[in-house]
Structures are given as structure tokens and as C-alpha cells.
Amino acid sequence: MLTPITRGDLPCWEIRHRNQTLVIAEQGAQVLSYQRDDEHPLIWLSEEAAYHRGQGVRGGVPVCWPWFGALDFNPAALRQQYALAEPPAHGLVRQQPWVLQHSLEESDGITLRFGLSDQADRQSLPPVEPTLTVHLDDGLSLALNNHNHGNTPVLISQALHSYFAVSDSRQVTVHGLETCPYVDALDDWQSHRQHGPLTVVGETDRLYLQLPDTLHIDDPGWQRRLTLSASGSRSAVVWNPWVDKSRRLTQFAGDAWQRMLCIETARVLDNALLLGPGEQHSMVVRFVTTAL
């Protein structure tokens with residue numbers, strides 16, 4: 001069942017399927033929440049989230065496009081595509097209006113496709129059309145699609161900035177990153193290599209490369225395993241603000257770092273996406289929970 005609703009100033013869609021509830025804001029095509037009935041949420045949404053036009057919502061799954069993070073920290077070839085006085089963090093479409101272009105409800109699931117609205121400001125955008133396809137069955141799948149309608153190659157960095165709900169970020173373990181190289185944004189962007197599973201013991205902001213197809217978040221407090229299965233991507237960003245930074249963030253409670261962990265399926269650094277004229281690409285990630 002697909003129902004139009006509002007959250008504050010934002011038009012949204014609520015999707016119900018097989019005892020699951022998914023909420024998506026038309027602004028930014030941002031997944032706001034996803035949860036099975038009588039279970040803990042899979043997607044974390046800030047208790048202090050604000051729903052205003054032209055302002056990002058803290059939590060959910062923001063779409064970061066056509067660059068991730070601060071533009072200045074992207075590859076030179078990507079930065080040279082833009083001449084903006086104050087380029088916003090995480091790209092140009094998070095606060096733009098999107099529209100529901102297509103929906104299909106079948107017995108085994110619901111599929112929705114969102115694209116930029118005709119009212120979106122495209123002045124600084126590349127000649128690439130992004131769409132987000134959302135599929136809800138016994139799990140949640142997101143596909144960020146790109147189609148280059150221009151006559152020249154375009155370099156894009158992007159992410160599905162997934163905030164995951166956890167019982168306690170200090171107690172969860174991330175499997176699948178073992179031996180992967182990463183760049184540490186908190187260590188002057190120096191390169192390192194992961195050794196063993198990842199546990200969060202302080203502020204964390206790492207860009208992992210050369211990833212396998214599957215990662216797991218084991219959460220003993222909630223006795224569950226969250227599996228992330230990705231295709232069209234070999235990089236991800238792991239982020240938790242910890243104590244001090246949490247106090248400086250907007251729409252973020254001082255202790256909220258304990259209840260969330262971001263693992264953002266991405267195309268960043270040397271995994272940035274080079275899209276030739278006429279080419280299309282799809283970056284897909286699927287979230288499924290099982291008992292631990």
C-alpha cells in the first residue's frame with residue numbers, strides 16, 4: 001500500500017508491505033525510515049530531525065550526488081567540472097525536489113522510481129540524469145542510477161548515505177572490511193589498511209576501498225545481523241561522530257552517536273564513476289536482517 005503523507009513541510013510517501021513500513025521524502029528522494037512491525041528499526045532517524053524545505057533531514061538515507069563530501073576533497077578532474085562559490089557538502093540534489101515517476105505493486109514486492117522534478121534547479125548539474133529505484137520485499141533495495149545524456153565524459157562521486165540503527169555503536173562489529181585499504185579523513189587523509197573486523201572506539205570517518213560485495217553489521221544487543229549486499233560499487237564510507245562532534249551537529253542529540261552507525265555505499269576517491277556519453281550505470285545496495 002502506497003500512501004501520500006507529510007512530515008513537517010515535506011511531502012512524503014509511506015509504503016506498507018508484509019508488516020514493514022517505509023517512509024520516503026520527495027525532497028531528495030530520501031528514505032527517512034524503514035522498520036518491520038514489532039522489531040527495532042533498521043534505518044536510524046534522528047529524534048531531533050527537522051522537516052523543512054531546502055534543509056537536509058538528519059538520518060535516513062540521503063542521496064549524495066554528483067559528489068560526496070566536500071567538493072574540495074574530491075578528485076581534481078571532478079572538481080574542475082564545477083565553478084561554484086560555495087559548493088554544498090554532499091552534492092546538489094539532497095535538498096532538491098524529486099517526484100515519484102513510477103510505481104508497481106505486485107504480490108512479491110513494491111517498486112518505486114524517483115527522478116528529479118521539473119522544478120529542480122539544474123543550472124549547475126552535469127548532463128547526467130539520476131534516478132533512485134526503491135524495492136521493498138522481504139528486505140529493502142536501493143538503486144542509484146545514472147544516465148549521461150551529454151556528449152562528453154562526466155566524473156561523479158556519489159553515496160547512499162545510510163544511517164543504520166544499532167543498539168549501541170560501541171558493541172557492534174562490522175565484518176567484510178578485513179584487509180581493505182582505507183583513507184582516514186581524521187588522519188589528514190592518510191592511507192591505511194584494515195586489520196580484522198571493525199569496531200567503533202572513537203570518532204570514525206573512513207573511506208574504504210576495494211570492498212567485497214557483502215558487509216555485515218553484527219549487533220549482539222539486538223541479537224541481529226544486518227547484511228549489506230552491493231553491486232556497482234567497490235567503496236563505502238564508515239562514519240560515527242562519537243561524543244565531541246555530536247555536540248556540534250544540527251538535528252542530533254548529544255548521545256545519539258550511541259544509536260547509529262553509517263555505512264554509506266559509495267563511488268568515491270579512485271572508485272569515482274566515469275560515465276561516457278550515452279552510458280548508464282546503476283549502484284545497488286540491499287539491506288536484510290537475520291537473527292544473530
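The lining of the largest cavity comprises 8 nonpolar, 3 polar and 2 charged residues; here Ala, Val, Leu, Ile, Met, Phe, Trp, Tyr, Cys and Pro count as nonpolar, Asp, Glu, Lys and Arg as charged, and the others, Gly among them, as polar. The model is predicted: local features need pLDDT of at least 70, side-chain atom pairs count only at pLDDT 80 or more, and totals for chains, interfaces and linings use all residues. Residues are numbered from 1 along each chain as its sequence is written, and side-chain values use heavy atoms, with hydrogens and water left out.

A cavity is a set of points, on a 1 Å grid over the protein atoms alone, where a 1.4 Å probe fits but cannot get out; a pocket is an open set with protein on both sides within 12 Å along at least five of seven lines, and lining residues have an atom within 4 Å of a point. Grid points are joined across faces, edges and corners, and a volume is the space filled by probe spheres set on the points. By this rule there are 4 cavities of 30 Å³ or more. The largest cavity holds about 90 Å³. Of its 13 lining residues, Leu-211, Leu-215, Ala-230, Ala-236 and Thr-265 are the closest to its centre. At least two lining residues come from each of strand 18, strand 19 and strand 20 (260-267), where strands are DSSP runs (E, at least two residues) numbered from the N terminus.

The second largest cavity holds about 70 Å³. Strand 22 gives the largest share of its lining, 3 residues. Among the residues that line this cavity are Tyr-34, Arg-36, Arg-224 and Phe-287.

An open sheet is formed by 8 strands in the order 6-7-8-9-22-18-17-13, with antiparallel pairing; two strands pair if DSSP finds at least two bridges between them. Strand 6 (98-106) and strand 13 each have a single partner strand and stand at the edges, so one side of each is left without a neighbour in the sheet. Within the sheet, strand 9 (residues 140-148) and strand 22 (residues 280-291) are joined by 8 antiparallel bridges, and Ala-143 stands opposite Val-284 in strand 22.

In strand 17 (residues 214-219), 5 of the 6 residues are buried (under 20% relative accessible area, 1.4 Å probe, protein chains only). Strand 17 pairs with strand 13 (residues 173-175) over 3 antiparallel bridges, and Asp-218 is the bridge partner of Thr-173.

Key: Buried < 20%, exposed > 50% of the residue type's maximum accessible area, 1.4 Å probe, protein only. Helix = DSSP H or I, 4+ residues; strand = E, 2+ residues; numbered from the N terminus.
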